[in-house]
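These are my notebook entries on a structure I looked through residue by residue.

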Amino acid sequence: IVPSLRKWSHVILAMKWLTANKLLPIDECLGYTPDIALSVLSGPGFAHEILSDIPVHLIFASESITEWEQDGFLLDGLTLDFSHDILGVSWCGVLKNIYAIGAGMESRKWELDRSGYTTRVVCEMTELLSVLWWIGETAMSPAGRWDVWICTTPNSRNYRYGANPDDTTLGTVEWYSAALIFRERYGDVLASGRFPLLATIVQSI
């Protein structure tokens, strides 16, 4: 994709940044391209819902929120929060799926208290973002708290994987790979004891 981009292009990523079994910083997804602006659109919504005018609330992260960006998503049913925390929003999109696997894993032991579990997840994500990366409050955004709530339902593919990892009908669950890569990169953080939920999930996979 990079050779086809013109100088000063603006790329909006509406996907997670786990590619080819690699967990990459967002700028590495396209290679180091200082003349290309990168933004992220994330949260609990799907393209078909937006196109069908189903109410969806997402977050748009960019280094500079321009008037065009604020007005460029004027679609019926779509509302946006705005943030400068590009990397924090991106990481929320990765982490909430790993935590969804954990919700399924907990459901194998006892009936999951989803409200309690998501509260613990958001508290842990808030501290994790602050320790490793950027703005802890991003965990309270649509890419964090709201998406965690959606992903921890029994209908979630990652939840179902955690509940029954031997279910071959689920296909490839890429966040299994994300958890392994996270352990490889940030094993010292997980070993600190400050993030027991995430450490338990990653170490159990």
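The model is predicted, so local features need pLDDT of at least 70 and side-chain atom pairs count only at pLDDT 80 or more, while totals for chains, interfaces and linings use all residues. Residues are numbered from 1 along each chain as its sequence is written, and side-chain values use heavy atoms, with hydrogens and water left out.

Entry on Glu106. I found Glu106 in helix H3 (helices, H or I, of at least four residues and strands, E, of at least two are DSSP runs numbered from the N terminus). Glu106 counts as buried because its relative accessibility is 12%. Leaving aside neighbours within four places in sequence, Glu106 is in contact (heavy atoms within 4.5 Å) with Leu112, Tyr117, Arg120 and Leu197.

Entry on H4. Several residues of H4 are buried, among them Tyr117, Val121 and Leu128.

Entry on Trp133. I placed Trp133 in the loop between H4 and helix H5 (142-151), and Trp133 is buried because its relative accessible area is 14%. Not counting residues up to four places away in sequence, Trp133 touches Trp91, Leu95, Leu128, Phe182 and Tyr186.

Entry on Asp85. I looked up the C-alpha atoms of Trp133 and Asp85, which are 48 residues apart along the chain and separated by 9.6 Å. Asp85 lies in the loop between strand E6 (78-83) and helix H3 (86-107).

Methods:
Buried means under 20% relative accessible area, exposed over 50%, partly exposed in between (1.4 Å probe, protein chains only).
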